[in-house]
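Hello,

Here is the structure we discussed handing over. My notes on it follow.

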Amino acid sequence: MSKPIAEAKFYAITAEAAVKTLQSDAGRGLSGSEAKKRLGVYGENRLQKGKKTSFAKKFMLQFGDFMVLILLIASAVSFAVSCMQGEANLADPLLILGIVIANAFVGTVQEAKAERALEALRTLSAPHADVLRDGKRAVISAEALVPGDVVYIRAGDVVPADLRLLESVHLQAEESALTGESVPSGKSANAVCDETCGAAERKNMLFSGTGISAGQGVGIVTATGMQTEMGRIAAMLGDEETPDTPLKLRLRRTGKLIGLLVLGICAVIFLIGLIQKAEPLEMFMISISLAVAAIPEGLPAVVTIVLALGVRRMAAKRAIIRHLPAVETLGSCEVICSDKTGTLTQNKMTVVRCAGAAGELNGQDRDALLSAAALCTSVEGGEKLLGDPTETAIVAAVSDWERLQKQRVKAAEVPFTAERRRMTVVLRTEGGYRVITKGAPGAILPRCTYVLLNGKNVTLTPEMRAALSAKNHDMANDALRVLAAAEKRTEACPETDDAAESGLCFLGLIGLEDPPRPEAAEAVSECKRAGIRPVMITGDQPATASAIAGRLGIENKAVMTGAELESLSDDALLQTVQTCSVYARVSPAHKMRIIKAFRRLKLVTAMTGDGVNDAPALKAADIGCAMGKNGTEVAKNAADMVLTDDNFATIVSAVREGRTVYGNIRKTIHFLMSCNIGEILVVLVSFLLRTPTPLLPAQLLWVNLVTDSLPALALGSDPPQGDVMRRPPTARDSSAFSNGLGFAMAAEGMMIGALALLAFTVGRVFFDADPMQPAVGRTMAFAVLSLSQLVHSYNMRSTGPVLGRGMFKNRGLNVSFLICSALMAGVVVFPQAAALFGSVPLTLTQWGIVAILALLPLPICEMQKRILSRTAKVKNMTSGVKKRVIFNK
């Protein structure tokens, strides 16, 4: 037998044809020799392990960032040149190297997540299988199964491989994790399915890794290992690369831009120095020093810490982040694709409506209907009910289950089958026997002669039959699972099934559903207000998906099925996803296509889910959100975030936190870059004017490590602004310098640099005895540069004016301001520190000038913000219009 036989559509042929195609024998199974031969062809029945990248390789890849490479090269060259000059300056290179290595280590640890997804899938496989070999039943390792093996299964088993049923008795399989079906799927060996049907509709198939909830059967193995439906999901997980987060892309672009600017500036300065006939080595050292000063070496560490703070806050809100950049990604989210079962709904069948010939049932007639239906079940247990979810829902709806259980003395039972679509129990009573039948309304109503009406049995008229059929149709259109119940009393126990199931009294219709979570509708509404488009992707029926979507507020005018999606090209799907928000009867591959279509539109996309069938899409999305309570381990390991309360509303809190984190990261980039631009300009202008150096290397290092870093960290914990959930999401391809941020940084950097140069000039001209040895001017420039940056950090708290709008609400920023100000004063006042940093004590007048110049960034930036806010408002309005065009075509 050749390997491609596993691709045959066994669900579309009869059981006999399947056995023949697989060249097996339903009565004897495979021979031992044939099984061994096939094992050599197909391999063991297990999922392959995914490719793993070594820790060392992951660690080395962290150093590929353009800005980091420039920083490392500059540090190495600086150290080499200092050694050549006999100084061997280790402070700067070691400090920068330590920061870079620490950041790379954190990144490596955070990226070691997706490889566990395949391992979790492997644990779903059954360890043993009851198989027929050489005409004898034997229990063997499930890994030894091959196509053509005949396997016995029963309630409680985990299916060991994909099987085509040969025999089935009341067989039901729990497949929600694989197909998205909210109730167990009834199975029948006699069914022959359409070639185009999806996995959820293949009633004659059992799938590896799913569970048998009721009945028993015999099946023939059609696929093993990576050829099974579970194996295909494993292959998709292994092949799918986790996309770069928007934050990584923005920081990468930012780093490249900063690096190129720094290289350009250094090259210009070096060339100017050569033209002016300066010493090449001296010019080279100045260029390298400028590069080290210009690059915000603290930025990677600050961003990591800001993300970690966001992770901690989100964990307190029951959202566990599995790798740091996912915090910001959710804040940039533009589309949330959600599974229905267990995510938007409770994954718990519930009785919601009861109807009879006269309309909705209440009171005595409703109690009679539910009590009878509860007696016609196989449910066991008291507080914790065990059995089929539909039956346990009916039992849960009655108020006196303990009393009813005592009445459930069965004399006979006719079990449910897919062909009969009903089950019947005969109960012993004091006066004889009570026959109760429950099942599909179409299978019950023709067997009824009477109907219960206001507590009395009345003759069932044709008009009543038509009314009941219409009511059944209406309830089904409302996406309810509809069952009917009927009963009769007899003195003697019926001798045949037909005798038991005739002359019944119709009790009514029971409508059940997996209801939406109470908080899901408000969460969907909140997402829409935040500019996020909610999309439902489920394996359930189209009518059910549409009804639930409508109740939650998700656009449901168009519902696309997996079969319809299959016929679309990628370009056609690209157009479809812009208008369709509900997808039903989809497979894992379909979910991935939908996610990738949104990503091709450059929309930051999140995917929520709990099942194995959701795992590939969870990994392919920009951010995958798995359910922590009822979610499978496969889904959790493939996701970036786990919701510990399985609450869709938690996503809204996570989005709010993500937007706050991104806003804080922009604040830190804004602050650090404007400060570094100021430092560059101080060094550059003084060089061009051929004045003495305004800042010594030790002073620059102090400013970068203390004055810059502590306020930047404090800005990372800034509380959210009030309108954070009323803004449109940040587009994937937007720059970290968008909305006027680049211009603001340049302008503010020039301001800080100008203030430091002004302080240097004042001190050098008016207070230094020798202008070529400007100790006072250098100290004043050092103090103004440091203190003006501390004052400037308060400007970062809001894109609007901060005066009078909670300027001092960030306690961490207030503390960092006081600490850094005290430290700055200390390196000037205390002789030992002053000697280390090349500063001198200042007089009261000089401190007054320093204070005035250091405070100027506040009023200057207040004026700047009023101008920029008008420009940003116009841009945001334009961006908002474009987004609405995408979502509301």
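**Notes on the model**

Val828 is buried, at a relative accessible area of 1% (buried means under 20%, exposed over 50%, partly exposed in between, with a 1.4 Å probe and protein chains only). This is a predicted model, in which local features need pLDDT of at least 70 and side-chain atom pairs count only at pLDDT 80 or more, while totals for chains, interfaces and linings use all residues. Residues are numbered from 1 along each chain as its sequence is written, and side-chain values use heavy atoms, without hydrogens and water.

Val828 sits in helix H31 (residues 811–829); helices are DSSP runs of H or I, at least four residues, numbered from the N terminus. Residues touching Val828, beyond four places in sequence, are Thr779, Ala834, Ser839, Val840, Pro841, Leu842 and Trp847 (contact: heavy atoms within 4.5 Å). Pro841 is 13 residues from Val828 in sequence, with 5.6 Å between their C-alpha atoms.

The largest nonpolar core has 92 residues, of which Leu330 and Met641 touch the most other members. Such a core is a set of buried Ala, Val, Leu, Ile, Met, Phe, Trp, Tyr and Cys residues joined through side-chain atoms within 4.5 Å. Helix H27 (residues 649–688) supplies the largest share of this core, 13 residues. Apart from it lies another core of 40 residues, including Cys197 and Val577.

H27 also passes helix H29 (residues 741–767), their axes coming within 7 Å and crossing at roughly 45° (axes are lines fitted to C-alpha atoms over the stretch in contact, and angles run from 0 to 180 degrees between N-to-C directions).

Regards

Technical notes
Helix = DSSP H or I, 4+ residues; strand = E, 2+ residues; numbered from the N terminus.
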